[in-house]
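Here is a short briefing on one protein model. Look at the sequence and the structure first, then read the points below.

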Amino acid sequence: MALATIHEILARHADAAPDRPLITCGAHVVSRRDFDLRTNQLARRFAALGVTRDALVTIALPNSIGLFETAVAAWKIGATPQPVSARLPLPELEAIVELANPAVVVGGPAGVNALRIDASDLAADEFSSSALEPVAASYWKAPTSGGSTGRPKLIVAHAPAMFDPDASFMEMRLDQTQLVPGALYHNAPFSMSLIGITRGHHLVVMPKFDAFEALTLIERHRASWLLLVPTMMSRIWRLGEATRRRFDMSSIETIWHMAAPCPVWLKEAWIDWIGGEKLWELYGGTEGQGITTIRGDEWLRHRGSVGRPLDPFDMCVLDEAGRPQPPGVVGEVFMRPKAGAGTTYHYVGAAPKATADGFESLGDMGWLDADGYLYLADRQSDMILVGGANVYPAEVESAIDSHPLVRSSAVIGLPDDDLGNVVHAIVEAEQSLDAQTLLNFLRERIALYKTPRSVEFVDSPLRDDAGKVRRSALKAERIAASASGARPDRIMPETQ
């Protein structure tokens, strides 16, 4: 089947197996046929509200069947879905709405200055469920970025809402069962699950990630394709071997992980458990200017790498003066599509950081080896300069997270009169772990200048289910607390 609209694709799958579950979310299940008919009705409701081709539909719904119905209904009238967190406070949602000017907002807090449908009011029974005239939006998605820590921006994907369900993509096969554990306002879970719909997948959607429940659902539904982030992988791993062995994972054919750096120890553990041929990693931004991938068995020959760029993309590592870095030397990672800059996306509300020849940066630091494999250091904005030496938080966090009593961590730089900055570790761990024991553990794994000068224990997770950590916000909070006279408990290493 060549490129087709969502109308044609859903009808094809519904004709082939009308009663096969399309989406399962908690106790709620919708079949292929019912989903197709229901989204026809909802699309007509949107049209009656004035939603037109290439308009944006802001979707502020939690993980649910309704979120998928809204996105697909938007496609069916040629509009572009724009997912955001259902938990956004009103000021953040207002900032996005001001930028996006959507035709309608579905869900989110009341009071936003836009036409809004409440999450509990997605009824469309009065509208016909008959087939709609096929139409495709010029841009198939418009996720947001930056709203929590800075000015929001839209990342508008340049591909139209047309799909080839038979095309090879991310190791997907037709009619698989896909576990969807991630928050759907994040680009990767949103994109992969919707593309899964075009492949006839049965989506098993988790309202909220839970490690034990994820294994339960994989076994119960015989899930074969799933997307994880390292935070989820760590939480599953820390269930312990005895718990993991209780579940039958033989249905798994493909696991992808992305969105955050994966510690080497954790990757090795999953390869040993699942098999290197089943575990894939992808590096790239929502913007799609460049993508690298690597399979687990290939990774074993290039430990720590995120792979080599796929054929449609170019990639280079540059120093501050814009000069290419030799193999093994850290610099800023730049990438571009071979079709030319601006062919994969455009921003609304921001400008890309680009070189004169069209390479763009996501702000990540890294290096290439002699074979062209990319290794990431950290984001440029998160790097800590300690007495003239560069410390990359992700490297320190990886070492901290390898301690068996640690659940999550975040490493930031705090101002210091002597060294300029010092490394501060914020750690969620079992109560039995004390700071000095952790520091002794780290001294055996990372250089002394990278070892935290201070350790702060917290009771809540530091990363969300997408593996994201807001280091800038954590840093600002601690600097403000220090200015007011409050300081976290600190344990100082003996020497630095």
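Leu10, Ala11, His13, Ala14, Asp15 and Ala16 in helix H1 meet Arg32, Arg33, Phe35, Asp36 and Thr39 in helix H2. Contact here means heavy atoms within 4.5 Å. By class, this contact of H1 with H2 has five nonpolar, two polar and four charged residues.

The model is predicted: local features need pLDDT of at least 70, side-chain atom pairs count only at pLDDT 80 or more, and totals for chains, interfaces and linings use all residues. Residues are numbered from 1 along each chain as its sequence is written, and side-chain values use heavy atoms, with hydrogens and water left out.

**Helices H1 and H2**

- Two packed helices are described by the angle between their axes and the distance between the axes.
- H1 spans residues 6-16 and H2 spans residues 32-48. Their axes are 8 Å apart, at an angle of about 145 degrees.
- Axes are lines fitted to C-alpha atoms, for helices over the stretch in contact, and angles run from 0 to 180 degrees between N-to-C directions.
- The crossing of H1 and H2 is left-handed. That term applies if the near helix is turned anticlockwise from the far one by less than a right angle.
- Helices (H or I, at least four residues) and strands (E, at least two) are DSSP runs, numbered from the N terminus.

**Helix H4**

- Which residues of helix H4 (residues 90-100) are buried? They are Leu93, Ile96, Val97 and Ala100.
- These residues cover an arc of only 100 degrees around the axis, so they lie on the same side of H4. The arc is that of the directions from the helix axis to the C-beta atoms.
- On the other side of H4, Pro91 and Glu98 are exposed.
- Buried means under 20% relative accessible area, exposed means over 50%, and partly exposed lies in between (1.4 Å probe, protein chains only).
- Val97 counts as buried because its relative accessibility is 7%. Leaving aside neighbours within four places in sequence, Val97 contacts Pro102, Val105, Val112, Asn113 and Ala114.

**Positive phi angles**

- Most residues other than glycine have a negative phi.
- Asn101 is not a glycine, yet has a positive phi of about 50 degrees. Asn101 follows H4 and is found in the loop between H4 and E5. Asn101 counts as exposed because its relative accessibility is 63%.
- Arg222 also is not a glycine, and its phi is positive, about 55 degrees. Arg222 is found in the loop between helix H6 (211-221) and strand E11 (225-228). At 37% relative accessibility, Arg222 counts as partly exposed.

**Helix H7**

- Helix H7 (residues 230-237) is mostly covered, with six of its eight residues buried.
- The buried residues are Pro230, Thr231, Met232, Met233, Ser234 and Ile236.
- Their cover includes H6, E11, helix H8 (241-244), strand E12 (254-257), helix H9 (264-274) and E24.

**Ser409**

- Ser409 is in strand E24 (residues 406-416).
- Is Ser409 buried or exposed? Ser409 is buried, with a relative accessible area of 0%.
- A polar contact of 2.7 Å joins the side chains of Ser409 and Asp401. A polar contact is a pair of N or O atoms within 3.5 Å; within protein, one must be able to donate a hydrogen and the other to accept it, and residues adjacent in sequence count only if both atoms are side-chain atoms.
- Not counting residues up to four places away in sequence, Ser409 touches residues including Glu397, Ile400, Ile426 and Leu462.

Technical notes:
Nonpolar A, V, L, I, M, F, W, Y, C, P; charged D, E, K, R; others polar.
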